[in-house]
Amino acid sequence: MHIVVCLKQVPRDNSVKINSDLSVNTDGIEKIINLFDEYAIEEGIAWNEKHGGKLTVLSLGTDSWVEQIRRALAMGASDSLLLSDPAFADLDTIAAARVVAAAINKLGDVDLIFCGRNSTDDESGAFAPALARALGWSQVTYVGKMLDLNPAARTLSAERHLETTIETVTATLPAVVSVIKDINSPRYPSLLKIKKVAKVDPPVWNAADLGLTGLSVATKIVNRVPPPPRPSGERIDGPDAAAKVKKLVDRLLESQII
Amino acid sequence: MAGVLVFIEQVGGEVATISRELMGKGRELAQALGGPLGALVVSNDPGALAERAVTLGADTVYTLVDPGLASYTTDGYVGAAKVAVATAQPVLILAGTSFQMRDFGAALATDLDAGLAVDVTDLKVEDGAIRAIRPSHGGNVISTYHFTAGRPVVALVRKQSFSEATAGARGGSIQPLTLPTLDMRTQVTGVREKGGAVNLTDAAVIVSGGRGLGDKENYYKLIPPLAEAFGGAYGASRAIVDAGWVPYEHQVGQTGKTVSPKLYVAAGVSGAIQHLAGMRTSRNIVAINKDPEAPIFRVATFGVVGDVNEILPLLTRELRSRLG
């Protein structure tokens, strides 16, 4: 079976700045694989080890993402693919999902796609559902446990971990599954494997390769600002811990916070 | 295309708070857009939900009632919503931001080739067009979205962004619609409550602990009792979740939950940027830390410099005696 894992590169933390053209400036912040995507990679590797076939790590990004793709290869992905084109630069989530869907259709033999539940920078969680609908496939989001993947019956079953409940669902393949942090413990690639993939360059497909012209987006960001600063706080002082505690509770009650 | 359509979520047969908030804002936006306010009820057993939506000010409540809609499935609920959208032709579709609604909203927007904004905290109409405001990057970036004309917009709105609709029926009607035969590719075979789960995103008070507590035993000795004294829930920093002290469900931050309670108490939490991302929009923040330079103090409404091991038991006792 052919499993694809979608990978996004994100800044390690969100101490970002805003450029004058409204793009987000992540200069000086280390770039990493989106944390939830690491769990998706691990899940892909585990099922690939069980059922064999191909495990492709796929990114829609730029050359500067190759380091993350290599890390996924070192973890255990068998193949890689980078979708890159200047025309992909300003896509919104749904348009990006349509590009990835075009690549999946071109690959032709994909049975299952794992994604992280959301990226830690944009945080919308819209990519996996948008990809599933763009492909016309089943979707199973917020999966905390994959119970079964049956290539012969073309089905999967999984637990969706929602706010207060856990749903058990079955779905037909092909499917898009988004995973949460609880699902597994991503492996660390060995130094040997890291060395082995250090010079691997993923094949790159651009818009023309995918037969995409005139990509359109339905959203446009017209303003971006940092959050308003929080009003400066009040230090609760006192001669000892008991006095501080009493004063804190006084202030919480006076301010009708409790 | 005209007007607004609100997806009604239900909790125990009642209209969920988020949906009442959306009906309130939906009325204002429908007026600004010069169109009707519709509500959408999708269920196998809607009870009096449609009538309730009428009293919340809907001009028309579209209902899709079918045994196949007993549980949420993307195919079932998006399929149902598309029937209502085809009938109502709204320019704006509003829903909440629960996991289920994110699954639904993004799928619906893709099918409709609509504009999508998730985690919206404000909406307005300018020059006849919809504008959505949403935070990203852990609240460090606040973006304003415009949408391409001629396409509908799906906006998934954060809780407590808007005031609830004040019940005031406008003589709206209920219009039952028929669910077409759908290809249901997923099936819900079981639902269970999460054992001991707290819905952190619903709690009015959250007490979170971090590495400053020293060890797991101390966390459980100090944090849950304090949370209980406040009548709240307890959370944790990523550091101690990764260290295995506390289950992931309790993690607040960039890779955990985003919360904005009335009061957030950070005890022994240094305030790493990943943690601030999940709680900086709390209305009030109390920080307790022995390091006066800890970044958590920069967002604190009230800061107490001191040893959590000394302060937390005193605070729990003080609250118990004064709050009864």
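Predicted model: local features only at pLDDT ≥ 70, side-chain atom pairs only at ≥ 80, totals over all residues.
## Terms and model

A polar contact is a pair of N or O atoms within 3.5 Å, where, within protein, one atom must be able to donate a hydrogen and the other to accept it.

Five residues from domain 1 of chain B and eight residues from domain 2 of chain B take part in the contact between them.

The two domains of chain B bury about 500 Å² between them, with carbon and sulfur atoms giving 35% of it. On the side of domain 1, the residues that lose the most area to domain 2 are Gly138(B), Asn140(B) and Lys159(B), which together make up 60% of what that side buries. Between domain 1 and domain 2 of chain B there are three residue pairs in polar contact, both residues being at pLDDT 80 or more. By class, the side of domain 1 that touches domain 2 has three polar and two charged residues, and no nonpolar ones. One salt bridge is found across this interface, and the side chains of Lys159(B) and Asp202(B) meet in a salt bridge with an N to O distance of 2.3 Å.

## Where chain A meets chain B

The contact between the chains draws on 77 residues from chain A and 84 residues from chain B, and the area buried between them is about 7400 Å², of which 54% comes from carbon and sulfur atoms. Within chain A, Arg133(A), Glu163(A) and Arg230(A) lose the most area to chain B, and together they account for 11% of what that side buries.

Eight salt bridges are counted between chain A and chain B; Lys181(A) forms a salt bridge with Asp242(B), and the closest N and O atoms of this pair are 3.0 Å apart. The interface also holds 48 residue pairs in polar contact, both residues at pLDDT 80 or more. Helix H6 of chain A (residues 241-254) supplies eleven residues, the largest share of the side of chain A that touches chain B, and by class that side has 34 nonpolar, 20 polar and 23 charged residues.

Lys220(A) stands opposite His146(B), a residue in S10(B).

Note on methods
Residues numbered from 1 in each chain as written. Chains lettered and ligands numbered in written order. Heavy atoms only, no water. Contact = heavy atoms within 4.5 Å. Buried area = accessible area lost by both parts, 1.4 Å probe. Salt bridge = Lys/Arg side-chain N within 4 Å of Asp/Glu carboxyl O. Polar contact = N/O pair within 3.5 Å; in protein donor to acceptor, adjacent residues only side chain to side chain. Helix = DSSP H or I, 4+ residues; strand = E, 2+ residues; numbered from the N terminus. Nonpolar A, V, L, I, M, F, W, Y, C, P; charged D, E, K, R; others polar. Pairing = 2+ DSSP bridges.
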